Amino acid sequence: METNLTINGTKQRLDLDPRTTLLDALRHHLGLTGSKKGCDHGQCGACTVMVNGRRINACLTLACMHDGDEVTTIEGIGAPGNLSPLQEAFVSEDGFQCGYCTPGQICSATAMLEEIAEGWPSHVTDDLSGKPALTTEEISERMSGNLCRCSAYPNIVEAIRKAAGESA
């Protein structure tokens, strides 16, 4: 099945089995191995990418369902020598240990910061009339779909705060 995607700003035409997940299309057909296959059940967030600016688990969706969509992977957020502010914050705040979950964490956090900028509340947002505060609870709730088996959570929270220009 022909599927047309814009991946990190580049148009891609793929001829895929309609059962191919977006994650497998990215990793095995396009060679974009930054997004990881952790659990293959949508429970760990290692495969998080952004589709049309919104974060999704790439292991839970079929590539053909996104025909015409814009997909951003970790490779589209930044690269060595040209890191995004969030990637720089992950490095400076030691927001990773083994690094396996880091691409999904950064994709999720990038989209999460945009959600906050747009005023989207979460389950723990106290004041629904303004921009949610980047409290530990707020960040933890919003990032709860991304697991870190090394437990670098405090540093991940600090990296997100730093990238957003806020302090603890």
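The stops that follow cover strands, a helix, salt bridges, a glutamine and cysteines.

This is a predicted model, in which local features need pLDDT of at least 70 and side-chain atom pairs count only at pLDDT 80 or more, while totals for chains, interfaces and linings use all residues. Residues are numbered from 1 along each chain as its sequence is written, and side-chain values use heavy atoms, with hydrogens and water left out.

Stop 1: Select residues 2-7 and 10-15, which are strand 1 and strand 2, paired in the antiparallel sense over six bridges. Strands here are DSSP runs of E with at least two residues, helices are runs of H or I with at least four, and both are numbered from the N terminus. Two strands count as paired if DSSP finds at least two bridges between them. Ile 7 lies opposite Thr 10 of strand 2. Two residues separate the strands of this hairpin, and Asn 8 in the turn has a positive phi of about 50°.

**Stop 2: helix 1.** Select residues 22-29 and colour Leu 22, Leu 23, Asp 24, Ala 25 and Leu 26, which are buried. Buried denotes under 20% relative accessible area, exposed over 50%, and partly exposed the range in between, with a 1.4 Å probe and protein chains only. The cover over these buried residues includes strand 1, strand 2, strand 3 (48-51), strand 4 (54-57) and strand 5. Just after the helix, Gly 31 adopts a positive phi of about 70°.

**Stop 3: salt bridges.** The structure holds 10 salt bridges, each defined by a side-chain nitrogen of Lys or Arg within 4 Å of a carboxyl oxygen of Asp or Glu. Glu 2 is partly exposed at 43% relative accessibility, whereas Arg 13 is exposed at 52%.

Next, display Asp 17 and Arg 19, a salt bridge whose closest N and O atoms are 2.6 Å apart. Asp 17 is partly exposed, at 36%, and Arg 19 is exposed, at 67%.

Then move to Asp 40 and Lys 37, which form a salt bridge at 4.0 Å, N to O. Asp 40 has a relative accessible area of 37% and Lys 37 one of 31%. Finally, select Arg 55, Glu 115, Glu 138 and Arg 142, which salt bridges with shared partners join into one network.

**Stop 4: Gln 87.** Select helix 3, residues 85-92, and pick out Gln 87 within it. Is Gln 87 buried or exposed? Gln 87 is buried, its relative accessible area being 8%. Leaving aside residues up to four places away in sequence, Gln 87 touches Ile 74, Ile 77, Gly 78, Ala 79 and Ile 106, where contact requires heavy atoms within 4.5 Å.

**Stop 5: the cysteines.** How many disulfides does the structure hold? There are zero, a disulfide being a pair of cysteine sulfur atoms within 2.5 Å. Select Cys 101 and Cys 148: the sulfur of Cys 101 has its closest cysteine sulfur in Cys 148, 4.0 Å away and too far for a bond. Cys 101 is buried at 13%. Cys 107 is likewise in no disulfide, and its nearest cysteine sulfur, that of Cys 47, is 10.0 Å away. Cys 107 is buried, with a relative accessible area of 0%.
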